[in-house]
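The stops below proceed from one selection to the next.

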Amino acid sequence: MADADHQRQLAELVAVYPEADELASRFSAAGHELFLVGGTVRDTLLGGRSDGDLDLATSARPEQTERLLRGWVDRIWLTGARFGTVSAKRGTRTFEVTTFRSDSYQVGSRHPEVSFGDDITTDLSRRDFTCNAMAVDLVHRRFVDPFGGLADLRRGRLRTPLAAETSFGDDPLRMVRMARFAAVLDVEVDDEARKAATAMATELATISRERIRDELSKLIVAPAVARGLDLLCETGLADEFLPELPALRMEADPAHHHKDVYAHTLAVVAGCPAEDLVLRLAGLLHDIGKPATRRFASGGKVTFHHHEVVGARMARARLSELRYPKQTVEQVGQLVALHLRFHGYREQGWTDAAVRRYVRDAGSPDQLRRLNRLTRADVTTQNQRKADALGQAMDDLERRIVELQREEELSALRPPLDGHQIMEHLGVEPGPTVGRAYKYLLEARIERGPLSAEEGYALLDEWARDIS
């Protein structure tokens, strides 16, 4: 039971979500219990509130829940009813109302034998972590915390309600979720859970790539992302679905000196805006080509020639294996391939043509913004003078991009003639010749700046003579 302050806090929670209070009256009148459960309770105790779904647990069976919701909500979904969950929407609020569960798992099966329970304690015991196994009795306005979730939140500790081996055995994805919550809540994982995950890491082979992907995506945008990624590597979980990350912990050769690529990667990820999943994934994978390209040279120098090319190929393969959308795979791969491009600017400056090519290769304005942010995050040197110089160089490049954008509409970088004009002028049908001519004119536009149609036709005539 919580102390008086938290009792008041949880009582106020009911007022924060008046729809839940109103719904509780309907269930209570029908003789059923109704509890607010899961992340909503946890986040409220941490000082936040939910603007999305409300998860509720009830003694009512699904068919009874359906009857109680009809007439009160705008829409109902029964796709999860056989598992005990009735979904509904009222206004902008979505409700997931689930009958108390007391599931059991057969050894080797990831699908529970669904059985409905009769009490909230048994239901909460089947949840992943104690911080998610707290509930608010909406009928009697009391806080229910049978496994010490509140104390764990106060101590900054992540723990399973039942033995960790039992919890992870029921659903091995909980081991990845453990790392995700460590990153989201910035908490320590208790020793029992850490040891169990280390011993059971290979059980992830039974989990779909899509489910793992969804957990990784939530982890990668979390506030304490480095903590979560460290946990994945230390327990061996990353070896099962993201082996490129622990591979960055390359054994150092005492005769050579180079920065810790793994620590650098964690810093780059944390330096990317948390709201941009594509950018954070690019930060995570930008140097994964280094282990395969590392070479030791004389004088203690270490090289990673073309690691961006190798890394882009590896990033696309890994994200595809994790079933990320094709657009995400290509966007991340492109950023990894281009992440070193800026360093040529810092070393020798660029012509306007080089700036145009940089913008063209980045693609969309969003990708250009991401590339510049990744470049800035990639500067993790402790040498302040060097860091300042790199920052000033990027400031200068972005200024020049803005100037050229204003003068030349770089975001719509096109040759002076389109495909139809090329075909009509050359008297050719659609085919490779048109593509080559278009590319030639686009390169001329990048090198020379804006061109008129007349200049385009003159260049096209010159090109046609050269290839004839």
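Select Leu-56 and Val-97 first: Leu-56 stands opposite Val-97 of β5. On another strand, Val-86 also stands opposite Val-97 in β5. This is a predicted model, in which local features require pLDDT of at least 70 and side-chain atom pairs count only at pLDDT 80 or more, while totals for chains, interfaces and linings use all residues. Residues are numbered from 1 along each chain as its sequence is written, and side-chain values use heavy atoms, with hydrogens and water left out.

Strand β2 (residues 54-58) is joined to β5 by five bridges, and the two run parallel. Strand β4 (residues 85-90) is joined to β5 by six bridges, and these two run antiparallel. Strands count as paired if DSSP finds at least two bridges between them; helices (H or I, at least four residues) and strands (E, at least two) are DSSP runs, numbered from the N terminus. The hairpin of β4 and β5 has two residues between the strands, and Gly-91 there takes a positive phi near 65 degrees.

How many residues of strand β5 are buried? Six of the seven residues in β5 (residues 93-99) are buried, so this strand is largely enclosed by the rest of the structure. Buried means under 20% relative accessible area, exposed over 50%, and partly exposed in between, with a 1.4 Å probe and protein chains only.

Next, select the whole sheet. It is an open sheet of seven strands in the order β3-β4-β5-β2-β1-β6-β7, with mixed pairing. At the edges stand β3 (75-77) and β7 (142-144), each with a single partner strand, so one side of each lacks a neighbour in the sheet. Neighbouring strands are turned by 25 degrees against each other on average, direction ignored. Strand β1 (residues 34-37) and strand β6 (residues 135-137) run antiparallel and are joined by three bridges; Val-37 has Ala-135 in β6 as its bridge partner.

Contact means heavy atoms within 4.5 Å. Axes are lines fitted to C-alpha atoms, for helices over the stretch in contact, and angles run from 0 to 180 degrees between N-to-C directions.

Move to helix α13 (residues 261-271), whose buried residues are Val-261, Tyr-262, His-264, Thr-265, Leu-266, Val-268 and Val-269. These buried residues pack against α10 (209-220), α11, α14 (277-285), α15 (290-293) and α20 (365-377). Asp-260 caps the N-terminal end of α13, with a side-chain oxygen 3.0 Å from the backbone nitrogen of Tyr-262.

From α11, bring in α9. The axes of α9 (residues 191-200) and α11 (residues 225-235) come within 8 Å and cross at roughly 55 degrees. Arg-194, Ala-197 and Thr-198 in α9 meet Leu-231, Glu-234 and Thr-235 in α11.

Finish at Arg-318, located in helix α16 (residues 307-321). Arg-318 is buried, with a relative accessible area of 15%. Leaving aside neighbours within four places in sequence, Arg-318 is in contact with Phe-241, Leu-242, Pro-243 and Glu-244.

Definitions and conventions. A polar contact is a pair of N or O atoms within 3.5 Å; within protein, one must be able to donate a hydrogen and the other to accept it, and residues adjacent in sequence count only if both atoms are side-chain atoms.
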